[in-house]
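The following exercises are to be worked with the sequence and the 3D structure at hand. Each task is followed by a solution in steps.

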Amino acid sequence: MKELRISAPSDKQKLFLTANTKHIAFGGARGGGKSWAVRTKAKLLALRFGGIKILIVRSTYNEIINNHINQLTEELHGIARYNKSEKVFTFPNGSTINFGYCNNDKDLLQYQGAEYDVMFLDEATQLREMWIRKITACVRGVNNFPKRVYYTCNPGGESHRYIKRLFIDRKYEDGEKAEDYTFIQSLVTDNKALMRSQPDYIKQLEALPPKLREAWLHGNWDIFEGQFFEDFHDRPEHYKDRQYTHVIDPFEIPQGWPIYRSFDWGYKAPFSCGWWAVDYDGVVYRILELYGCTKTPNEGVKWHPPQVFEQIAKIEAEHRWLKGKKIIGIADPAIWDAETGDSIADVAAKHRVYFTPGDHKRIPGWMQMHYRFAFDDNGFPMMYIFKHCKAFIRTIPLLQFDEHKPEDLDTKGEDHVADEARYFLMSRPIAPPTVKAKNTFVENPLHQYLDMELRDFR
Ligand SMILES: Nc1ncnc2c1ncn2[C@@H]1O[C@H](COP(=O)(O)OP(=O)(O)O)[C@@H](O)[C@H]1O
Ligand SMILES: [Mg+2]
(Lines give C-alpha, C1' and ligand atoms only; values in the text may rest on other atoms or scores of the structure.)
(Ligands and ions follow the chains in the order given, each with its own letter.)
Protein backbone atom coordinates (compact mmCIF):
# COMPACT_ATOMS: atom_id res chain seq x y z
CA MET A 1 0.00 0.00 0.00
CA LYS A 2 1.13 3.51 -0.76
CA GLU A 3 2.13 5.72 2.11
CA LEU A 4 -0.15 8.62 3.03
CA ARG A 5 1.62 11.95 2.67
CA ILE A 6 0.36 14.99 4.49
CA SER A 7 1.84 18.49 4.46
CA ALA A 8 2.49 20.22 7.79
CA PRO A 9 -0.62 21.56 9.55
CA SER A 10 -0.81 25.17 10.72
CA ASP A 11 -0.76 25.79 14.50
CA LYS A 12 -4.56 26.11 14.52
CA GLN A 13 -4.99 22.97 12.43
CA LYS A 14 -2.77 21.15 14.95
CA LEU A 15 -5.18 22.17 17.73
CA PHE A 16 -8.07 20.88 15.62
CA LEU A 17 -6.36 17.56 14.86
CA THR A 18 -5.58 16.90 18.54
CA ALA A 19 -8.80 18.19 20.15
CA ASN A 20 -10.67 15.39 21.92
CA THR A 21 -14.10 16.54 23.11
CA LYS A 22 -17.28 15.10 21.62
CA HIS A 23 -18.11 18.31 19.68
CA ILE A 24 -15.34 20.34 18.05
CA ALA A 25 -15.87 23.48 15.98
CA PHE A 26 -13.14 24.94 13.81
CA GLY A 27 -12.68 28.13 11.88
CA GLY A 28 -15.14 30.93 12.43
CA ALA A 29 -13.88 32.87 9.38
CA ARG A 30 -13.14 32.43 5.69
CA GLY A 31 -10.09 30.61 4.36
CA GLY A 32 -8.78 29.30 7.68
CA GLY A 33 -7.83 25.91 6.25
CA LYS A 34 -11.03 24.23 7.42
CA SER A 35 -11.76 21.79 4.60
CA TRP A 36 -8.10 20.72 4.54
CA ALA A 37 -8.29 20.00 8.27
CA VAL A 38 -11.49 17.96 7.77
CA ARG A 39 -9.94 15.78 5.07
CA THR A 40 -6.73 15.32 7.00
CA LYS A 41 -8.44 14.27 10.25
CA ALA A 42 -10.74 11.90 8.32
CA LYS A 43 -7.77 10.21 6.63
CA LEU A 44 -5.82 9.86 9.88
CA LEU A 45 -8.80 8.37 11.73
CA ALA A 46 -9.52 5.92 8.90
CA LEU A 47 -5.94 4.63 8.90
CA ARG A 48 -5.60 4.50 12.70
CA PHE A 49 -8.91 2.79 13.59
CA GLY A 50 -9.60 -0.13 11.21
CA GLY A 51 -13.34 -0.46 10.58
CA ILE A 52 -14.30 3.06 11.66
CA LYS A 53 -17.23 4.71 9.83
CA ILE A 54 -16.75 8.36 8.96
CA LEU A 55 -19.17 10.79 7.30
CA ILE A 56 -18.36 14.17 5.69
CA VAL A 57 -21.34 16.46 5.01
CA ARG A 58 -21.74 19.67 2.99
CA SER A 59 -24.91 21.46 2.02
CA THR A 60 -25.00 20.25 -1.61
CA TYR A 61 -23.69 17.29 -3.59
CA ASN A 62 -21.74 19.63 -5.89
CA GLU A 63 -19.97 21.16 -2.92
CA ILE A 64 -19.05 17.77 -1.53
CA ILE A 65 -17.57 16.80 -4.91
CA ASN A 66 -15.66 20.07 -5.35
CA ASN A 67 -14.40 20.41 -1.79
CA HIS A 68 -13.72 16.82 -0.78
CA ILE A 69 -14.31 13.95 -3.20
CA ASN A 70 -12.08 15.36 -5.96
CA GLN A 71 -9.23 16.11 -3.55
CA LEU A 72 -9.52 12.79 -1.70
CA THR A 73 -9.56 10.82 -4.96
CA GLU A 74 -6.12 12.25 -5.65
CA GLU A 75 -4.80 12.16 -2.10
CA LEU A 76 -5.96 8.56 -1.46
CA HIS A 77 -4.87 7.16 -4.82
CA GLY A 78 -3.40 3.70 -4.14
CA ILE A 79 -4.50 3.90 -0.50
CA ALA A 80 -8.32 3.61 -0.52
CA ARG A 81 -10.83 2.70 -3.25
CA TYR A 82 -13.68 4.99 -4.22
CA ASN A 83 -17.11 3.64 -5.10
CA LYS A 84 -18.94 6.34 -6.97
CA SER A 85 -22.48 5.01 -6.76
CA GLU A 86 -22.20 4.45 -3.01
CA LYS A 87 -20.14 7.65 -2.52
CA VAL A 88 -17.66 5.91 -0.23
CA PHE A 89 -13.90 5.43 0.11
CA THR A 90 -13.05 2.00 1.52
CA PHE A 91 -9.67 1.36 3.14
CA PRO A 92 -7.98 -2.07 3.24
CA ASN A 93 -8.51 -2.13 7.03
CA GLY A 94 -12.30 -1.86 6.56
CA SER A 95 -12.58 1.84 7.45
CA THR A 96 -14.89 3.98 5.32
CA ILE A 97 -15.22 7.67 4.53
CA ASN A 98 -18.79 8.38 3.39
CA PHE A 99 -20.33 11.59 2.04
CA GLY A 100 -23.64 13.28 2.54
CA TYR A 101 -25.37 16.57 1.81
CA CYS A 102 -28.46 18.34 3.01
CA ASN A 103 -30.11 21.19 1.20
CA ASN A 104 -33.75 20.53 2.11
CA ASP A 105 -35.88 18.32 4.36
CA LYS A 106 -36.06 15.53 1.77
CA ASP A 107 -32.26 15.14 1.82
CA LEU A 108 -32.60 13.95 5.43
CA LEU A 109 -33.84 10.59 4.09
CA GLN A 110 -30.22 9.71 3.31
CA TYR A 111 -29.51 9.56 7.02
CA GLN A 112 -32.43 7.43 8.14
CA GLY A 113 -31.18 4.42 10.08
CA ALA A 114 -27.53 5.24 9.32
CA GLU A 115 -24.81 4.95 11.97
CA TYR A 116 -21.42 6.66 12.01
CA ASP A 117 -18.61 6.93 14.55
CA VAL A 118 -17.25 10.28 13.47
CA MET A 119 -18.93 13.00 11.49
CA PHE A 120 -17.67 16.20 9.90
CA LEU A 121 -20.16 18.95 9.05
CA ASP A 122 -18.10 21.17 6.75
CA GLU A 123 -19.55 24.71 6.66
CA ALA A 124 -22.06 23.62 9.29
CA THR A 125 -23.60 27.12 9.46
CA GLN A 126 -25.03 26.52 5.96
CA LEU A 127 -27.20 23.73 7.38
CA ARG A 128 -30.38 24.41 9.36
CA GLU A 129 -30.31 23.68 13.09
CA MET A 130 -32.98 20.97 12.68
CA TRP A 131 -30.93 19.23 9.97
CA ILE A 132 -27.79 19.37 12.13
CA ARG A 133 -29.70 17.82 15.05
CA LYS A 134 -31.12 15.02 12.88
CA ILE A 135 -27.87 14.25 11.07
CA THR A 136 -25.72 14.24 14.20
CA ALA A 137 -28.20 11.85 15.84
CA CYS A 138 -26.59 9.23 13.54
CA VAL A 139 -23.35 9.39 15.55
CA ARG A 140 -23.89 6.22 17.56
CA GLY A 141 -23.10 2.53 17.61
CA VAL A 142 -21.86 -0.09 20.05
CA ASN A 143 -18.13 -0.19 19.50
CA ASN A 144 -15.08 1.37 21.09
CA PHE A 145 -14.33 3.90 18.39
CA PRO A 146 -14.31 7.53 19.45
CA LYS A 147 -17.67 9.23 18.86
CA ARG A 148 -17.17 12.73 17.57
CA VAL A 149 -18.84 15.55 15.66
CA TYR A 150 -16.62 18.12 13.97
CA TYR A 151 -18.13 21.37 12.71
CA THR A 152 -16.37 23.88 10.51
CA CYS A 153 -18.06 27.23 10.39
CA ASN A 154 -18.22 30.86 9.29
CA PRO A 155 -20.32 33.59 10.87
CA GLY A 156 -23.56 33.94 8.88
CA GLY A 157 -25.74 31.23 7.39
CA GLU A 158 -28.78 29.24 8.43
CA SER A 159 -27.54 28.01 11.80
CA HIS A 160 -25.43 31.03 12.76
CA ARG A 161 -27.34 31.37 16.03
CA TYR A 162 -27.15 27.68 16.97
CA ILE A 163 -23.41 27.34 16.33
CA LYS A 164 -22.76 30.68 18.05
CA ARG A 165 -24.72 29.58 21.14
CA LEU A 166 -22.84 26.29 21.47
CA PHE A 167 -19.29 27.34 20.62
CA ILE A 168 -18.98 31.13 20.98
CA ASP A 169 -21.47 32.12 23.70
CA ARG A 170 -21.24 28.67 25.35
CA LYS A 171 -24.81 28.77 26.66
CA TYR A 172 -26.04 25.25 27.21
CA GLU A 173 -29.49 23.74 27.43
CA ASP A 174 -30.67 20.55 29.13
CA GLY A 175 -28.73 17.54 27.94
CA GLU A 176 -25.74 19.62 26.69
CA LYS A 177 -22.55 19.65 28.77
CA ALA A 178 -20.08 22.52 28.48
CA GLU A 179 -17.08 20.17 28.67
CA ASP A 180 -18.22 18.39 25.50
CA TYR A 181 -17.68 21.50 23.33
CA THR A 182 -14.43 22.97 21.99
CA PHE A 183 -14.01 25.87 19.60
CA ILE A 184 -10.75 26.57 17.77
CA GLN A 185 -10.65 29.82 15.86
CA SER A 186 -8.68 29.86 12.61
CA LEU A 187 -8.51 33.01 10.48
CA VAL A 188 -7.19 33.39 6.96
CA THR A 189 -4.03 34.84 8.52
CA ASP A 190 -3.55 31.52 10.36
CA ASN A 191 -3.51 29.69 7.03
CA LYS A 192 0.01 30.36 5.80
CA ALA A 193 -0.42 27.91 2.92
CA LEU A 194 -3.26 30.00 1.47
CA MET A 195 -1.54 33.33 2.17
CA ARG A 196 1.39 32.07 0.10
CA SER A 197 -0.56 30.47 -2.76
CA GLN A 198 -3.36 33.06 -3.11
CA PRO A 199 -2.23 36.43 -1.74
CA ASP A 200 -5.25 38.10 -3.40
CA TYR A 201 -7.71 36.17 -1.23
CA ILE A 202 -7.10 38.33 1.84
CA LYS A 203 -7.48 41.46 -0.32
CA GLN A 204 -10.93 40.23 -1.34
CA LEU A 205 -11.91 39.89 2.31
CA GLU A 206 -10.51 43.35 3.05
CA ALA A 207 -12.60 44.88 0.26
CA LEU A 208 -15.88 43.70 1.84
CA PRO A 209 -18.13 46.26 3.56
CA PRO A 210 -17.22 46.65 7.26
CA LYS A 211 -19.68 44.19 8.84
CA LEU A 212 -18.98 41.35 6.44
CA ARG A 213 -15.26 42.09 6.73
CA GLU A 214 -15.49 41.85 10.54
CA ALA A 215 -17.29 38.51 10.23
CA TRP A 216 -15.31 36.74 7.53
CA LEU A 217 -11.86 38.25 7.98
CA HIS A 218 -11.76 38.70 11.76
CA GLY A 219 -14.22 35.99 12.80
CA ASN A 220 -16.63 38.28 14.66
CA TRP A 221 -20.01 36.60 15.29
CA ASP A 222 -21.85 39.65 16.69
CA ILE A 223 -22.11 41.93 13.74
CA PHE A 224 -25.14 41.02 11.65
CA GLU A 225 -27.43 43.77 12.89
CA GLY A 226 -28.39 47.30 11.99
CA GLN A 227 -28.09 48.91 8.56
CA PHE A 228 -27.66 46.39 5.75
CA PHE A 229 -26.15 48.61 3.03
CA GLU A 230 -23.74 50.68 5.08
CA ASP A 231 -21.57 50.79 1.94
CA PHE A 232 -24.07 52.96 0.02
CA HIS A 233 -22.81 56.56 -0.02
CA ASP A 234 -25.59 58.94 -0.83
CA ARG A 235 -24.10 62.27 0.25
CA PRO A 236 -25.29 64.56 -2.47
CA GLU A 237 -23.13 67.44 -1.22
CA HIS A 238 -20.03 65.47 -2.13
CA TYR A 239 -20.71 64.19 -5.61
CA LYS A 240 -18.91 66.87 -7.54
CA ASP A 241 -16.43 64.59 -9.23
CA ARG A 242 -18.02 61.11 -8.99
CA GLN A 243 -15.46 59.92 -6.49
CA TYR A 244 -16.47 58.21 -3.26
CA THR A 245 -20.16 58.57 -3.94
CA HIS A 246 -22.84 56.55 -5.66
CA VAL A 247 -25.28 59.40 -6.28
CA ILE A 248 -24.52 61.66 -9.23
CA ASP A 249 -26.06 64.32 -11.45
CA PRO A 250 -27.70 62.90 -14.55
CA PHE A 251 -25.95 63.17 -17.89
CA GLU A 252 -27.00 62.36 -21.45
CA ILE A 253 -26.80 58.62 -22.11
CA PRO A 254 -24.61 57.78 -25.12
CA GLN A 255 -26.51 55.97 -27.89
CA GLY A 256 -24.34 52.84 -27.76
CA TRP A 257 -24.95 52.01 -24.10
CA PRO A 258 -27.31 49.06 -23.56
CA ILE A 259 -30.43 49.75 -21.50
CA TYR A 260 -32.03 47.38 -19.01
CA ARG A 261 -35.32 47.47 -17.13
CA SER A 262 -35.61 45.68 -13.78
CA PHE A 263 -38.90 45.03 -12.06
CA ASP A 264 -40.33 43.82 -8.78
CA TRP A 265 -44.07 43.54 -8.29
CA GLY A 266 -45.41 44.38 -4.84
CA TYR A 267 -48.24 42.04 -3.99
CA LYS A 268 -48.97 43.81 -0.72
CA ALA A 269 -46.82 46.89 -1.05
CA PRO A 270 -45.06 49.06 -3.65
CA PHE A 271 -43.86 47.86 -7.02
CA SER A 272 -40.53 49.07 -8.32
CA CYS A 273 -39.21 49.50 -11.83
CA GLY A 274 -35.66 50.69 -12.55
CA TRP A 275 -33.96 51.60 -15.84
CA TRP A 276 -30.23 51.08 -16.11
CA ALA A 277 -27.56 52.03 -18.63
CA VAL A 278 -24.24 50.21 -18.88
CA ASP A 279 -21.08 51.97 -20.05
CA TYR A 280 -18.21 50.42 -22.02
CA ASP A 281 -16.34 49.54 -18.80
CA GLY A 282 -19.34 47.64 -17.43
CA VAL A 283 -20.20 50.37 -14.89
CA VAL A 284 -23.98 50.50 -14.37
CA TYR A 285 -26.08 53.66 -13.97
CA ARG A 286 -29.59 53.71 -12.56
CA ILE A 287 -30.99 56.41 -14.82
CA LEU A 288 -34.76 56.35 -14.20
CA GLU A 289 -37.26 54.65 -11.96
CA LEU A 290 -40.98 54.26 -11.41
CA TYR A 291 -42.13 53.39 -7.92
CA GLY A 292 -45.63 53.22 -6.53
CA CYS A 293 -48.10 51.58 -4.22
CA THR A 294 -50.22 48.74 -5.50
CA LYS A 295 -52.62 48.01 -2.67
CA THR A 296 -52.15 50.09 0.44
CA PRO A 297 -51.77 53.61 -0.84
CA ASN A 298 -49.76 55.84 1.45
CA GLU A 299 -49.25 58.84 -0.75
CA GLY A 300 -52.64 58.83 -2.31
CA VAL A 301 -51.32 56.72 -5.19
CA LYS A 302 -52.85 53.37 -5.98
CA TRP A 303 -51.74 51.44 -9.00
CA HIS A 304 -53.36 48.46 -10.65
CA PRO A 305 -51.25 46.22 -12.92
CA PRO A 306 -52.56 47.62 -16.25
CA GLN A 307 -51.83 51.19 -15.12
CA VAL A 308 -48.28 50.26 -14.09
CA PHE A 309 -47.41 48.76 -17.47
CA GLU A 310 -49.25 51.48 -19.40
CA GLN A 311 -47.03 53.98 -17.63
CA ILE A 312 -43.85 51.92 -18.22
CA ALA A 313 -44.69 51.61 -21.93
CA LYS A 314 -45.36 55.35 -22.10
CA ILE A 315 -42.06 56.25 -20.44
CA GLU A 316 -40.19 53.96 -22.82
CA ALA A 317 -41.96 55.42 -25.85
CA GLU A 318 -41.38 59.02 -24.84
CA HIS A 319 -38.25 59.46 -22.75
CA ARG A 320 -35.27 60.56 -24.83
CA TRP A 321 -32.93 58.05 -23.16
CA LEU A 322 -35.23 55.13 -23.90
CA LYS A 323 -37.14 56.01 -27.05
CA GLY A 324 -36.43 53.59 -29.92
CA LYS A 325 -34.02 51.53 -27.80
CA LYS A 326 -34.09 47.77 -27.40
CA ILE A 327 -34.67 47.40 -23.66
CA ILE A 328 -33.81 44.18 -21.86
CA GLY A 329 -36.35 43.44 -19.12
CA ILE A 330 -35.53 41.36 -16.04
CA ALA A 331 -38.07 40.66 -13.32
CA ASP A 332 -38.88 38.77 -10.17
CA PRO A 333 -39.64 35.20 -11.35
CA ALA A 334 -42.79 35.33 -9.19
CA ILE A 335 -44.53 37.62 -11.72
CA TRP A 336 -45.15 34.53 -13.91
CA ASP A 337 -47.20 32.89 -11.15
CA ALA A 338 -50.88 32.96 -11.90
CA GLU A 339 -53.37 31.41 -9.50
CA THR A 340 -56.34 32.49 -11.54
CA GLY A 341 -56.45 34.51 -14.73
CA ASP A 342 -53.53 36.56 -15.98
CA SER A 343 -50.16 36.67 -14.26
CA ILE A 344 -48.46 40.03 -13.80
CA ALA A 345 -46.13 39.03 -16.65
CA ASP A 346 -49.15 38.44 -18.89
CA VAL A 347 -50.49 41.90 -18.11
CA ALA A 348 -47.05 43.37 -18.87
CA ALA A 349 -46.87 41.54 -22.20
CA LYS A 350 -50.28 42.93 -23.19
CA HIS A 351 -48.66 46.36 -22.96
CA ARG A 352 -45.63 45.15 -24.91
CA VAL A 353 -43.47 45.26 -21.80
CA TYR A 354 -41.46 42.04 -21.85
CA PHE A 355 -39.28 40.44 -19.21
CA THR A 356 -37.14 37.39 -18.64
CA PRO A 357 -37.09 35.85 -15.14
CA GLY A 358 -34.22 37.13 -12.99
CA ASP A 359 -31.95 34.99 -10.83
CA HIS A 360 -33.45 35.41 -7.38
CA LYS A 361 -30.75 33.85 -5.21
CA ARG A 362 -30.72 36.34 -2.36
CA ILE A 363 -27.27 36.23 -0.76
CA PRO A 364 -25.33 36.14 -4.08
CA GLY A 365 -27.57 39.03 -5.23
CA TRP A 366 -26.73 41.13 -2.17
CA MET A 367 -23.05 40.34 -2.65
CA GLN A 368 -23.32 41.75 -6.18
CA MET A 369 -24.69 44.99 -4.69
CA HIS A 370 -21.75 45.12 -2.26
CA TYR A 371 -19.19 44.39 -5.00
CA ARG A 372 -20.67 47.18 -7.14
CA PHE A 373 -20.73 49.70 -4.26
CA ALA A 374 -17.03 49.09 -3.40
CA PHE A 375 -14.70 51.91 -4.46
CA ASP A 376 -11.55 51.12 -6.37
CA ASP A 377 -8.16 52.62 -5.48
CA ASN A 378 -9.17 55.87 -7.17
CA GLY A 379 -12.53 56.07 -5.45
CA PHE A 380 -14.72 54.93 -8.34
CA PRO A 381 -17.51 52.38 -7.79
CA MET A 382 -19.10 50.04 -10.37
CA MET A 383 -22.65 51.40 -9.85
CA TYR A 384 -24.04 54.93 -9.88
CA ILE A 385 -27.52 56.24 -9.11
CA PHE A 386 -28.82 59.36 -10.84
CA LYS A 387 -29.89 61.76 -8.15
CA HIS A 388 -33.54 61.89 -9.28
CA CYS A 389 -33.92 58.14 -8.49
CA LYS A 390 -35.52 59.01 -5.16
CA ALA A 391 -36.91 55.57 -4.28
CA PHE A 392 -33.47 53.93 -4.46
CA ILE A 393 -31.81 56.73 -2.50
CA ARG A 394 -34.54 56.73 0.16
CA THR A 395 -35.08 52.99 0.69
CA ILE A 396 -31.62 51.40 0.36
CA PRO A 397 -30.21 53.07 3.52
CA LEU A 398 -33.31 52.04 5.52
CA LEU A 399 -32.88 48.30 5.04
CA GLN A 400 -31.81 46.32 8.09
CA PHE A 401 -30.20 42.93 8.69
CA ASP A 402 -32.68 40.13 9.34
CA GLU A 403 -32.58 39.09 12.99
CA HIS A 404 -33.00 35.44 12.11
CA LYS A 405 -31.08 35.12 8.87
CA PRO A 406 -27.65 36.72 9.09
CA GLU A 407 -26.25 37.96 5.76
CA ASP A 408 -29.79 38.58 4.55
CA LEU A 409 -31.88 41.68 4.95
CA ASP A 410 -35.13 41.95 6.85
CA THR A 411 -37.91 41.53 4.28
CA LYS A 412 -40.28 43.48 6.54
CA GLY A 413 -38.43 46.58 5.31
CA GLU A 414 -39.24 48.44 2.08
CA ASP A 415 -37.13 46.17 -0.08
CA HIS A 416 -38.67 46.36 -3.57
CA VAL A 417 -36.02 48.63 -5.05
CA ALA A 418 -33.29 46.45 -3.56
CA ASP A 419 -34.91 43.29 -4.96
CA GLU A 420 -35.34 44.72 -8.42
CA ALA A 421 -31.75 46.06 -8.46
CA ARG A 422 -30.53 42.62 -7.34
CA TYR A 423 -32.31 40.83 -10.23
CA PHE A 424 -30.66 43.24 -12.65
CA LEU A 425 -27.16 42.89 -11.14
CA MET A 426 -27.42 39.10 -11.15
CA SER A 427 -27.88 39.26 -14.92
CA ARG A 428 -24.34 40.65 -15.26
CA PRO A 429 -22.43 39.54 -12.18
CA ILE A 430 -18.93 40.86 -11.46
CA ALA A 431 -16.05 39.28 -9.55
CA PRO A 432 -15.37 40.37 -5.97
CA PRO A 433 -13.15 43.45 -5.85
CA THR A 434 -9.74 42.81 -4.33
CA VAL A 435 -8.64 46.29 -3.45
CA LYS A 436 -9.22 47.83 -0.08
CA ALA A 437 -12.34 50.00 -0.08
CA LYS A 438 -11.13 53.50 0.70
CA ASN A 439 -14.12 54.67 2.69
CA THR A 440 -12.50 55.74 5.91
CA PHE A 441 -13.50 59.36 5.42
CA VAL A 442 -17.09 58.47 6.21
CA GLU A 443 -16.09 57.10 9.57
CA ASN A 444 -13.81 60.05 10.28
CA PRO A 445 -15.63 62.10 12.94
CA LEU A 446 -13.66 65.19 11.96
CA HIS A 447 -15.31 65.56 8.60
CA GLN A 448 -18.46 67.11 10.01
CA TYR A 449 -16.40 70.11 11.15
CA LEU A 450 -14.55 70.65 7.93
CA ASP A 451 -15.87 72.43 4.92
CA MET A 452 -13.57 71.00 2.33
CA GLU A 453 -13.33 68.29 -0.28
CA LEU A 454 -13.57 64.88 1.29
CA ARG A 455 -10.53 63.61 -0.49
CA ASP A 456 -8.40 66.13 1.39
CA PHE A 457 -8.68 64.18 4.59
CA ARG A 458 -8.93 60.58 3.58
N1 LIG B 1 -1.72 22.64 6.18
C2 LIG B 1 -1.87 22.89 4.88
N3 LIG B 1 -0.92 22.55 3.98
C4 LIG B 1 -1.06 22.81 2.68
N5 LIG B 1 -2.12 23.44 2.14
C6 LIG B 1 -3.10 23.81 2.97
C7 LIG B 1 -3.03 23.56 4.37
N8 LIG B 1 -4.16 24.06 4.94
C9 LIG B 1 -4.89 24.58 3.94
N10 LIG B 1 -4.26 24.45 2.77
C11 LIG B 1 -4.73 24.93 1.47
O12 LIG B 1 -5.22 26.28 1.63
C13 LIG B 1 -6.37 26.48 0.82
C14 LIG B 1 -7.56 26.91 1.69
O15 LIG B 1 -7.80 25.91 2.64
P16 LIG B 1 -9.27 25.31 2.88
O17 LIG B 1 -9.12 24.17 3.82
O18 LIG B 1 -9.95 25.06 1.59
O19 LIG B 1 -9.90 26.57 3.62
P20 LIG B 1 -11.41 26.82 4.11
O21 LIG B 1 -12.12 25.51 4.00
O22 LIG B 1 -11.26 27.29 5.52
O23 LIG B 1 -11.94 27.90 3.23
C24 LIG B 1 -6.61 25.17 0.10
O25 LIG B 1 -6.03 25.24 -1.15
C26 LIG B 1 -5.93 24.15 0.98
O27 LIG B 1 -5.54 23.00 0.26
MG1 LIG C 1 -13.76 24.99 2.93
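**Exercise 1. Salt bridges**

Task: Determine how many salt bridges the rule counts, and examine the pair Glu115 and Arg140.

Solution. Step 1: The count comes to 30 salt bridges, a salt bridge being a side-chain nitrogen of Lys or Arg within 4 Å of a carboxyl oxygen of Asp or Glu. The model is predicted, so local features need pLDDT of at least 70 and side-chain atom pairs count only at pLDDT 80 or more, while totals for chains, interfaces and linings use all residues. Residues are numbered from 1 along each chain as its sequence is written, chains are lettered from A and ligands numbered from 1 in the order in which they are written, and side-chain values use heavy atoms, with hydrogens and water left out.

Step 2: In the salt bridge of Glu115 with Arg140, the closest N and O atoms are 4.0 Å apart.

Step 3: Glu115 belongs to the loop between strand 5 (96–101) and strand 6 (118–121), and Arg140 to the loop between helix 4 (129–136) and strand 7 (148–153), so the pair ties together parts that are 25 residues apart in sequence. Helices (H or I, at least four residues) and strands (E, at least two) are DSSP runs, numbered from the N terminus.

**Exercise 2. The two domains**

Task: Describe the interface of domain 1 and domain 2.

Solution. Step 1: Domain 1 covers 11–218 and domain 2 covers 236–441; the bounds come from an automatic or database domain assignment. Their centres, taken over C-alpha atoms, are separated by 38 Å.

Step 2: In contact (heavy atoms within 4.5 Å) are 16 residues of domain 1 and 15 residues of domain 2.

Step 3: The two domains bury about 1300 Å² between them, with 62% of it on carbon and sulfur atoms. Buried area is the accessible area (1.4 Å probe) that two parts lose on being put together, summed over both. Of the area that domain 1 buries against domain 2, Arg161, Gln204 and Ala207 supply 32%, more than any other three residues.

Step 4: Between the domains the count is 0 salt bridges.

**Exercise 3. Positive phi**

Task: Where are Lys87 and Arg170 placed, and what is the phi of each?

Solution. Step 1: Most residues other than glycine have a negative phi.

Step 2: Lys87, which is not a glycine, has a positive phi of about 50°. Lys87 is placed in the loop between strand 3 (81–83) and strand 4 (88–90).

Step 3: For Arg170, phi is positive and near 55°. Arg170 is found in the loop between helix 5 and strand 8 (181–185).

**Exercise 4. Ligand 1**

Task: Which residues come nearest to ligand 1?

Solution. Step 1: There are 13 residues around ligand 1, of which Ser7, Gln13, Lys34, Ser35 and Trp36 come nearest; a residue is counted if one of its heavy atoms lies within 4 Å.

Step 2: An N or O atom in the side chain of Gln13 is 2.9 Å from a nitrogen atom of ligand 1.

Conventions. Polar contact = N/O pair within 3.5 Å; in protein donor to acceptor, adjacent residues only side chain to side chain.
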